[in-house]
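Welcome! Please take a moment with the sequence and the 3D view below, and then read on for a guided tour.

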Amino acid sequence: MSAIVGAESIHEHAESHEHHHVSQNFWQKYIFSEDHKVIAKQYLITGIIWAVIGISMSVIFRIQLGMPDSNLSWLKPVLGQWISDSGKLDPNFYLALVTMHGTIMVFFVLTAGLSGTFSNFLIPLQIGARDMASGFMNMLSYWFFFLASIIMFGSIFLQTGPAAGGWVIYPPLSALPEAHPGSGMGMTLWLTSMAFFIVSQLLGGINYITTVINLRTRGMSFDRLPLTIWAFLITAVLGLISFPVLLSSVLLLIMDRHFGTSFYLSDIYINGEALPNVGGSPILFQHLFWFLGHPEVYIVLLPGLGITSEVIATNARKPIFGYRAMIASMLGIAFLAFIVWAHHMFVTGMNPFLGSVFMFLTLIIAVPSAVKGFNYITTLWRGNIVFTPGMLFSIGLVSLFVSGGLTGIILGNSALDIQLHDTYFVVAHFHLVMGAASAFGLFAGVYHWFPKMFGRMMNPTLGQLHFWLSFIGIYMVFIPMHYVGIAGFPRRYYQFTSYDFTHKFMDMNMFISIAAIFSFLAQFIFLWNFFYSIFKGKKAPKNPWRSNTLEWTTPVNVGHGNWEGEIPAVYRWSYDYSKPGAKEDFIPQNVPYSQTLESNLPHENELIATEKEIEAQNFNDQFKTAH
Amino acid sequence: MEDVQQLKMDKEPQETLSMDPVKFILWLFLVTIVMLFASQSSAYLVRRAEGNWLEFQMPTIFWYSTVVLLASSITMHWAYIMAKKDEIKRLKLAISITFALGLLFLAMQFQGWKDLVEMNVYFVGNPSGSFFYVFTGLHGFHIISGLIVLVFALFASFKLKANVKNLRQIQICTTYWHFLDLLWVYLFVFLLTFN
């Protein structure tokens, strides 16, 4: 045995020697990098830029909704022709803003920005791998996303405006150029951009799954994986199954738009003249779209939940409550995600019996979601809570997830949905449960792993200030919005000044808008903190949060290949916090049970015998065994 | 280098999971293609159930093209066996035949489209016809990608010694080609059943 180990280490030395000599120029190192950490940062920075654009758009249309009489001439330098001479926002551009806000936030920020950043960054670091299974595919994934970003960004500057049929691009609005100025070139660019985006997500997702399954280090069995990795794995599987379906629906839409087929179009009259399209079904598109669209909600949310599990356990200094229940509930949510899509279509005239089936399945999602909610709260219960900004945002996520989820139970009822469909109640619901909650997950992740990403600390006081202002701001925006929705305000309307019933809610609308602007301004604290800390932040220690997972065993400034020397083996799960009898209140995953005899439970003493076996296993080191 | 690793693998216990990541990536890629066609099939069925559906007889040439593609699968498998036995000459021959059969299949599919046009079934028109063109077109597109993979495998076979890495390339190519074959059989039966 020792001879083999000796051979290994000599071999390894030769290899690492070789690796230090591969000189990378600026382009290989920072631009077309195949290093998962650089790609993660590229995703993060791109995501932040998109978030600023996307949220700015929402502020513009919130001003229009809350203060319909205000003079927007001051926006003329930015929006140009979209502001009329009397200082009014162009109604067509209003629709385009709503559409682009949805598209950008759902796909470019909370899918690519969140999954792309943390799956890339944490998967190899937490499972003990040198890099992703295919660095090249990973790089391609980012650059396809970048290409999609450029095309989508370009579409904003079209003379006719970007796509304006809503982020769900229902035909015939999206299929006919006559339907709206944005349905011409704007929609074409939207579809092109999204096709590249899907390719990017598939390349990324395939890589994540392969890496998690094949490149775990010695001893990292599935029941020792941190919950973050479970969440990223399940997210990637969801994407792998649902994005091809979006591609499929987009493909048929492109056929309808450019080749004259009638998949989604039938019996349409424009100015009294019938179009040649016969036999299509617009509802078909909705079925295909929501088969992606609903899993997409969980693609957005699950990474945030995974990050929260990790951050809450670390900062409550307690093992996560119900580790297996957490995995089971994520699997349950993922499974249910594929069989509930029609609850977005209760009012399309579907068979009421079918409606009750989908209602039943939808309401079942409350069960695994509640399991997760309870597990977070019970993990916090009697913990020695450390209120780092990451922890605050994680607790905030739990709060938003619960309060947004509750209204989901109301909306899931097919009868109640008749009243609430396409009102601001829906808008408030999904902004809380998937928008704000996932954004909080993103913030929690950034605050928590910033030291690992950039080797420096963010300012905690500014982080806490950022949390409280955002937390209060988000609730000030979305709680009143539920009332506006129950009152019957439909979403995507340009203004509400011409109806009697809307008059008495005008000040509430104004309040929502002011709260939205307030929350938007609070994000600049984060932006400043983030960019300032990259260059000037306090130097980070190796394990600032005293955490158990493997990424904190790497050097402060992680080099290519993540670990100097060999990859650590794993002997225990990642949640051994405050273990009775232990010297410290945390025992990292790479500490064997034979070194912690004072805190071992009886069954853990038995595991000491297996340590030799784990150590004897292959290193599974990509740098040595070129895959 | 590869050989050394192989030897060591025999002596040591199993690693955490001993699956080849590249092959695994291929299988996940196949999952996405399956989902693409599964969604198309379900769209087809949902649309067909709504009525106003043009029914037409599938041109007979699609029967023949199916046979051609099945034959190409057999030659592909022959190539795989030859690669394992290190018989480079026959390997080259087998891959070349597979490639030629693939091209013939594409030509026959194109002829099938022409026959459809003669039957007054057009791409633009009743969705039943449009779907037929989309199904065959999408599959044809994947066949083209399969042909590109075949070209790479052919290049690999020209390297004198079929080592482990080259064998893996042939393996991946074989898996993909069999998959495309199977996919066509599925589409063929599907279109035949629900015309």
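A residue is called buried if 20 or more other C-beta atoms lie within 10 Å of its own, exposed if 12 or fewer do, and partly exposed in between, with C-beta atoms placed from the backbone. By that rule, buried residues make up 31% of the 195 residues in chain B. What you are looking at is a predicted model, in which local features need pLDDT of at least 70 and side-chain atom pairs count only at pLDDT 80 or more, while totals for chains, interfaces and linings use all residues. Residues are numbered from 1 along each chain as its sequence is written, and chains are lettered from A and ligands numbered from 1 in the order in which they are written.

**Chain B as a whole**

- Helices (H or I, at least four residues) and strands (E, at least two) are DSSP runs, numbered from the N terminus.
- Chain B has six helices and zero strands, so its elements read α-α-α-α-α-α from the N terminus on.
- Two residues are in contact if their C-beta atoms, placed from the backbone, lie within 7 Å.
- Take the contacts in chain B between residues at least 6 apart in sequence: 80% of them join residues at least 24 apart.

**Spans listed in a record**

- An unreviewed UniProt entry lists residues 21-41, 61-81, 93-111, 131-155 and 176-194 of chain B as "transmembrane region".
- UniProt positions are given here in the numbering used for this model, feature names are shortened, and annotations may be inferred rather than shown by experiment.
- In the model, residues 61-81 of chain B are 100% helix and 0% strand, and the end C-alpha atoms of this span lie 31 Å apart.
- Residues 176-194 of chain B are 95% helix and 0% strand, with 26 Å between the end C-alpha atoms.

**A closer look at B:His77**

- You can find B:His77 in helix α3 (residues 61-85) of chain B.
- Is B:His77 buried or partly exposed? B:His77 has 15 other C-beta atoms within 10 Å, so it is partly exposed.
- B:His77 and B:Phe62 are 15 residues apart in sequence, and their C-alpha atoms are 23 Å apart in space.

**Where the two chains touch**

- How many residues does each chain bring to the contact? Chain B brings 31 residues and chain A brings 40 residues.
- On the chain B side, the elements that give two or more residues are α1 (2-11), α2 (21-49) and α5 (127-158) of chain B.
- The most comes from α2(B), with 15 residues.
- For residue classes, Ala, Val, Leu, Ile, Met, Phe, Trp, Tyr, Cys and Pro count as nonpolar, Asp, Glu, Lys and Arg as charged, and the others, Gly among them, as polar.
- Sorted this way, the side of chain B that touches chain A has 18 nonpolar, eight polar and five charged residues.

**A helix pair across the chains**

- Helix α9 (residues 282-316) of chain A packs with α2(B) at an angle of about 150°, and their axes are 10 Å apart. Axes are lines fitted to C-alpha atoms, for helices over the stretch in contact, and angles run from 0 to 180 degrees between N-to-C directions.
- That angle makes α9(A) roughly antiparallel to α2(B). Angles under 35 degrees count as roughly parallel, over 145 as roughly antiparallel, 65 to 115 as roughly perpendicular and the rest as oblique.
- In this pair, A:Leu284, A:His287, A:Leu288 and A:Phe291 of α9(A) meet B:Ser39, B:Ala43, B:Val46 and B:Arg47 of α2(B).
- The contact of α9(A) with α2(B) has five nonpolar, two polar and one charged residues.

**A helix pair inside chain A**

- Helix α5 (residues 91-127) and helix α7 (residues 185-214) of chain A pack at an angle of about 20°, with their axes 11 Å apart.
- α5(A) and α7(A) are therefore roughly parallel to each other.
- Residues making this contact include A:Phe107 and A:Ile123 of α5(A), and A:Phe197 and A:Tyr208 of α7(A).
- The contact of α5(A) with α7(A) divides into seven nonpolar, six polar and no charged residues.

**Backbone details in chain A**

- A cis peptide bond, with omega of about 5°, joins A:Pro171 and A:Pro172. A:Pro172 sits in the loop between α6 (135-155) and α7 of chain A.
- A:Arg317 is not a glycine, although it has a positive phi of about 50°. A:Arg317 is in the loop between α9 and α10 (323-337) of chain A, and is partly exposed, with 16 other C-beta atoms within 10 Å.
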